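Work through the exercises below with the model open. Try each task before you read its solution.

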Amino acid sequence: MTAEIWDVIVVGAGLSGLSAAHLLRKRDPSLRIVVVEGKGRVGGRTVTTEIPAASGVDCWDFGGQWVASTQTYILELIKELGLETFPQFNTGKKVYHMGGPNAKVRTYRTSIPALSPLVLMDLTQFMWKIDRLCATVCVQDPSKTPSAMDLDSMTLHTYTEQHAWTAELKEEIGLCSRSVFGMEPSQMSFLFFLMYAAAAGGMLPLLESTPGSAQELKIKGGTQQLSECLAERVGWKNVRLGSAVTAIWQDAEWARVMTATDTLLCRAVIVTCPPHLAAKIQYAPALPSQREFLTQNMPVGHMIKFIITYQTAFWKEKGFSGEIVAGSSTNCPFSVAYDATSPSGNAALVGFIAGQQASAWSSKEAEQRRTAVLSSLVKYLGPEAASFIHYEEKDWAKEDYSGGCPVNVMAPGLLTYYHPSLRMPCGSTMEWFSKTKGLKGLEMIQWAQFPPPS
């Protein structure tokens with residue numbers, strides 16, 4: 001078999017991979033670039049699907065869906081591609097349920113729920129401590145953060161146990177961890193959590209839908225359009241779907257990329273798939289030991305996302321925003337839910353079963369999950385929640401070439417000992433990439449492999 005020859009091969013046709021290919025093509029149109037992807041579609045952990053709705057059918061995101069005005073890179077890309085955003089609806093009462101199935105279900109309209117004085121005091125002091133620590137974090141190089149070793153030697157759970165007084169706040173932190181990372185607080189480094197929060201502007205912006213916060217905006221027509229538009233710019237003929245990479249072999253001059261059916265030869269490879277998937281590729285010579293250890297020890301979160309369409313947005317008519325926050329002790333399967341009414345006005349709710357709850361509910365029948373979700377929605381929003389048009393869910397742990405979502409996290413010790421190796425190019429072909437073509441390739445590769453948190 002004669003190997004095809006390219007300048008650059010990009011592994012992964014998600015946002016990072018296609019952005020990398022697009023940036024390279026803009027900098028040097030003469031480069032021969034091909035993007036190879038294991039899935040039968042582009043988009044990675046973004047996927048937009050049409051489902052039945054009040055007007056017939058409409059499209060919703062079953063993967064990543066939100067962007068924030070603080071995420072300037074993605075907003076610039078949205079503008080460049082001619083796409084539009086619209087705000088997350090958040091007007092009205094929010095529902096808050098913590099402290100067990102028999103605890104009082106409360107409503108609130110502000111950023112902070114209507115908590116008891118003791119829990120409110122606990123929350124205030126805890127967030128003050130977190131924000132002070134976030135202000136000290138060096139996001140570009142977390143190992144330079146003051147007391148980095150100490151912060152990286154504990155989990156978010158450890159810190160919470162030491163600094164939160166009330167059971168309700170501890171449950172709230174668990175919910176936040178599941179909602180943002182798809183992980184339990186005991187599974188990630190506290191320094192990693194601080195780095196992630198610092199990149200977002202603090203802990204509260206990670207959780208809110210207000211201007212500047214993580215759940216601020218959505219893309220009209222869905223986020224998968226970003227990857228589809230980028231694939232058009234790169235050229236669909238240069239995007240090969242259903243081509244999972246099994247091995248990458250390098251020598252002093254060439255890199256050989258192998259899939260189940262093809263062998264491709266190139267000068268440089270950009271691997272943009274998540275670390276836990278990159279670890280499954282066979283490398284020769286082997287990756288540096290620190291890099292290999294890191295990619296094999298960055299677990300990915302677990303989320304099941306559901307969309308439920310309705311004839312009308314009855315929750316708005318009743319004065320609710322659609323936002324629900326429910327602790328794991330309440331027997332509610334999902335952690336959070338939001339209004340998901342489409343730009344064309346088709347009413348819907350979106351929710352997330354995440355972390356430990358996702359692991360528990362993933363093994364149950366789909367009908368059991370649906371019944372439990374609807375039962376909780378009836379409890380929080382009223383009997384109208386039972387009269388739906390369509391219910392659809394996606395378990396990202398069962399998605400081939402994803403294996404989970406939304407992000408990979410670092411366990412204690414990884415940031416201070418192994419993090420630098422994540423952005424360090426491997427192999428001699430990178431000299432050609434940075435020098436022969438005169439490109440700022442290494443900066444772009446770093447961004448593609450480990451983009452800022454969203």
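A crossing is left-handed if the near helix is turned anticlockwise from the far one by less than a right angle, and right-handed if clockwise. Helices here are DSSP runs (H or I, at least four residues), numbered from the N terminus. The model is predicted: local features need pLDDT of at least 70, side-chain atom pairs need pLDDT 80 or more, and totals for chains, interfaces and linings use all residues. Residues are numbered from 1 along each chain, and side-chain values use heavy atoms, without hydrogens or water.

**Exercise 1.** Describe how α5 and α6 pack.

- Step 1. Take α5 (residues 156-163) and α6 (residues 167-181): their angle is about 160°, and the axes lie 10 Å apart. Axes are lines fitted to C-alpha atoms over the stretch in contact, and angles run from 0 to 180 degrees between N-to-C directions.
- Step 2. α5 is therefore roughly antiparallel to α6 (angles over 145 degrees).
- Step 3. List the contact (heavy atoms within 4.5 Å): L156, T160 and E161 of α5 meet K170, I173 and S177 of α6.
- Step 4. Assign the hand: the crossing of α5 and α6 is right-handed.

Terms used
Helix = DSSP H or I, 4+ residues; strand = E, 2+ residues; numbered from the N terminus. Parallel < 35°, antiparallel > 145°, perpendicular 65-115°, else oblique.
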